[in-house]
Amino acid sequence: PMFFIDIAVPRDIEPAVNDVDNAYLYNVDDLQSVVDTNVKERRKEAEKAERLVDAEVGTFEKWIASLQVVPTIVQLRQSVEQMRAAELEKSLGRLAHLAEKDREQVALLTQSIVNKILHSPLTVLKGSSQTPEAGIYLEVTRKLFNLTEPPAGQGGNDGDGTN
């Protein structure tokens, strides 16, 4: 096959070339048609890309919002863990007759109890980060568990209700 591309204005190649077997003539108008088709396809793909970006931006915004609860969750876990460790130490002091393996089992039991007790409140606190009430949940959690305010910029309530 032979391809001819006539980009001259006026045309240089006789249109009858298309009538010859295995000869194909393309001109500026044909090329414009290809360009128009490609532009339409690129627009469709750009729209798909925009929808993808919008979805990912939404996911990212949710993730950012969830970060505001992290300092309170960390502080709550640390506080409860300190209480657990102190009480465990006191109790194990009175249970000196226990074998080391039994002492480890008691420690695991206390860790398991703490995890079960904290699971629901922490799940609610994490879920609240996606709501307008997130600051209220954080404030109540800190008050209920006697936690200090997190340092500025680490997800505390900044007073305007938006966090």
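Here are some notes on this predicted model, point by point.

1. Ground rules. Because the model is predicted, local features need pLDDT of at least 70 and side-chain atom pairs count only at pLDDT 80 or more, while totals for chains, interfaces and linings use all residues. Residues are numbered from 1 along each chain as its sequence is written, and side-chain values use heavy atoms, with hydrogens and water left out.

2. A helix pair to look at. Two packed helices are described by the angle between their axes and the distance between the axes. Take α3 (residues 100–128) and α4 (residues 134–144): they pack at about 150 degrees, and their axes are 8 Å apart. The axes are lines fitted to C-alpha atoms, for helices over the stretch in contact, with angles running from 0 to 180 degrees between N-to-C directions. Helices here are DSSP runs (H or I, at least four residues), as are strands (E, at least two), numbered from the N terminus. So α3 and α4 are roughly antiparallel to each other (the label is for angles over 145 degrees; under 35 is roughly parallel, 65 to 115 roughly perpendicular and the rest oblique).

3. Who touches whom? On the α3 side we have V124, L125 and S128, and they meet A134, Y137, L138 and T141 in α4. Contact means heavy atoms within 4.5 Å. By type, the residues of this contact are five nonpolar, two polar and no charged (Ala, Val, Leu, Ile, Met, Phe, Trp, Tyr, Cys and Pro count as nonpolar, Asp, Glu, Lys and Arg as charged, and the others, Gly among them, as polar).

4. T72 sits in helix α2 (residues 70–94), and it is buried, with a relative accessible area of 0%. (Buried means under 20% relative accessible area, exposed over 50%, partly exposed in between, using a 1.4 Å probe and protein chains only.) Setting aside neighbours within four places in sequence, T72 is in contact with L125, L138, T141, R142 and L147. With R142, the side chain of T72 makes a polar contact of 3.3 Å (a pair of N or O atoms within 3.5 Å; within protein, one must be able to donate a hydrogen and the other to accept it, and residues adjacent in sequence count only if both atoms are side-chain atoms).

5. The greasy part. Which residues make up the largest nonpolar core? There are ten in all: V69, I73, L76, V80, V114, L118, L122, L125, L138 and L147. Such a core is a set of buried Ala, Val, Leu, Ile, Met, Phe, Trp, Tyr and Cys residues joined through side-chain atoms within 4.5 Å. The elements giving two or more residues to this core are α2 and α3, and α3 supplies the largest share, four residues. As for I73, leaving out neighbours within four places in sequence, its contacts are L122, L125 and K126.

6. G135, in α4, is buried at 3% relative accessibility. Q68, in the loop between α1 (28–67) and α2, is buried too, at 11%. The C-alpha atoms of Q68 and S129 are 7.1 Å apart, although 61 residues separate them along the chain.

7. V9 and P10 are joined by a cis peptide bond, with omega about 0 degrees; P10 is in the loop between β1 (2–6) and β2 (23–27). N22, also in the loop between β1 and β2, has a positive phi near 60 degrees without being a glycine, and N22 is partly exposed at 48%. N146, in the segment after α4, has a positive phi of about 55 degrees and is not a glycine either; N146 is exposed, at 69%.
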